[in-house]
Amino acid sequence: MEWKPQKSSSNPLHLEITNYMKKKILNGEWTIGTKIPSQRILANQFEVNRSTIVTALDELSADGLVESKVGSGTWVVNNTWSLLASTPPPDWISYVRSGIHQPNIGIIQKINEAEAYPNIIRLGTGELSPDLLPNEQTKKFLQIDVNDSLSLSYQEPKGSLELRETISHYLKRKGIEAAPASILIVSGALQALQLISIGLLKRGSVIFHETPSYLNSVHVFQSAGMNLFGIPLDNEGIKYESIGRLKRQHHASLLYTIPSFHNPTGNLMSEKRRHQLLEVCKKEALPIIEDDVYGELWLDSPPPKPLKANDKQGNVLYIGSVSKSLSPGLRIGWIVGPEPVIDRLADIKMQTDYGSSSLSQYVVNKWMKDELYEDYLNQVRVELKSRRDYTVEILNTYFSDIAVWNIPKGGFYIWLQIQSNISIQKLFELALKEGILLNPGTVYDKNEQRHLRLSYSFASLAELEEGLIRLSELIKGLK
Ligand SMILES: Cc1ncc(COP(=O)(O)O)c(C=O)c1O
């Protein structure tokens, strides 16, 4: 909700809020059955006292438009159309409940909502801070020269040829041989997963992944009727020894892995483990999805080559994206694989969105086609490294008696394991009340009841310090 009451208005604040909500109910934006956000959230959003919200809701209730149930919240129960019409309006809430795609898990819905709160300190957000994103250079690219070609048309099914040629060159530096015909431009890595789930797999298929994993935080495969199966990780990466046995036992169709700077643990798969994993998957004819969205964000030394670089059999579908390194908002990623697979996914993409934004593809091509991208990445690495070191220093000072962690060699995340048996859910709620937003480990594996995914990429240094010190006090208070 962008709207806020005008404090300069001659109307009392609660009346402005009542009128705003009434309008939403009367024009059908809040249909019957809609749950109104909690008083705390509304007070936060509208920057007013909670008592103002209570008064506004009382008025709506007196008009018969909303009803509150103790402990469960306030709901829209009427609108003027429902009072006037002889047939009831459609029951949108039942449509919403029966949609095929699963909703986000509750805690992620809360995180997504709370990210918009003013002055919130985001200690878990998985993106670069706006200060680190290259706005000035990107603005220059957008001052498009009259002599430059710019396509405003639909692009070909696999995406702009210029960009695919650029990515083909870029991948060569990582040891990956991929002709433009084997590359599909997608609207972010998440879309690559979506296309794979509906384009290559049957309902009921089983997907192996590291546990914990980013994959548990989105419902891409589950919504398409597939089942996830977690395989443990150690410091060298996913444990490969049991994969053969488990594949035969569970008839797995694919293995999804994030070898470099894994989300959420920050782990880096060793070179040896990469070879072992490739070997076992080759032997078991188990295709791999390699998610390399963090691969450029090494802080100490470059990671081993991607699995795809040593895949001579077309066993690996390789996913990259500019979201974590250059801009999540441009929504550009790529998937590399055998041509028939890429053709199939391109055909589905055409049926889904007719291709990614041509303007975004133009900008990403400008960035990636020469040295500029590498120069920029070097700056980002320096910044991220100093943020990581700063965060580790704070952890050493304030967390050494309450938690353990590994120092990541790249990416954004520190996987913090709290030593005492406190409730992570309670910690999340308490921290949120104090203006600190956390990513509990349960988002990435429901059994990870003692972990937080900390991120040093988004909050400012001052926020990291303030937020982490307050977090350490909260944890100690809960012990
Ligand atoms: C491992 C991993 N893959 C994919 C994504 C989604 O990336 P994109 O913004 O390119 O869709 C994320 C975002 O958090 C991620 O952590």
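These entries record what I looked up in a predicted model of a protein chain.

**Basis.** I worked from a predicted model, in which local features need pLDDT of at least 70, side-chain atom pairs count only at pLDDT 80 or more, and totals for chains, interfaces and linings use all residues. Residues are numbered from 1 along each chain as its sequence is written, and side-chain values use heavy atoms, with hydrogens and water left out.

**Domains.** I looked up the domain assignment, whose bounds come from an automatic or database source. It gives domain 1 (13–99), domain 2 (121–126 + 375–478) and domain 3 (147–369). Taken over C-alpha atoms, the centres of domain 1 and domain 3 are 43 Å apart.

**Helix α11.** I then turned to α11, residues 243–250. Helices (H or I, at least four residues) and strands (E, at least two) are DSSP runs, numbered from the N terminus. I found I243, G244, L246 and K247 to be the buried residues of this helix; buried means under 20% relative accessible area, exposed over 50%, and partly exposed in between (1.4 Å probe, protein chains only). Seen down the axis of α11, these buried residues fall within an arc of 170°, so they line one face of the helix; the arc is that of the directions from the helix axis to the C-beta atoms. They pack against β6 (206–211), β7 (227–234), β9 (252–257) and α12 (271–283), where contact means heavy atoms within 4.5 Å. H251 follows α11 and has a positive phi, near 50°.

**Aromatic pairs.** I noted 14 aromatic pairs in the structure. Rings of Phe, Tyr and Trp (its six-membered ring) pair if their centres lie within 6.5 Å; planes under 30 degrees apart count as stacked, over 60 as edge-to-face and the rest as tilted.

Y154 and Y354 form a tilted pair, at 5.1 Å centre to centre with 50° between the planes. Y154 lies in the loop between α7 (135–142) and α8 (161–172) and Y354 in the loop between α13 (339–353) and α14 (358–368), so this pair ties together parts 200 residues apart in sequence. Y154 is exposed, at 64% relative accessible area, and Y354 is partly exposed, at 49%.

For Y294 and F412, the ring centres are 5.5 Å apart and the planes at 85°, so the pair is edge-to-face. Both Y294 and F412 are buried.

I also recorded one aromatic cluster, formed by W3, Y20 and F46.
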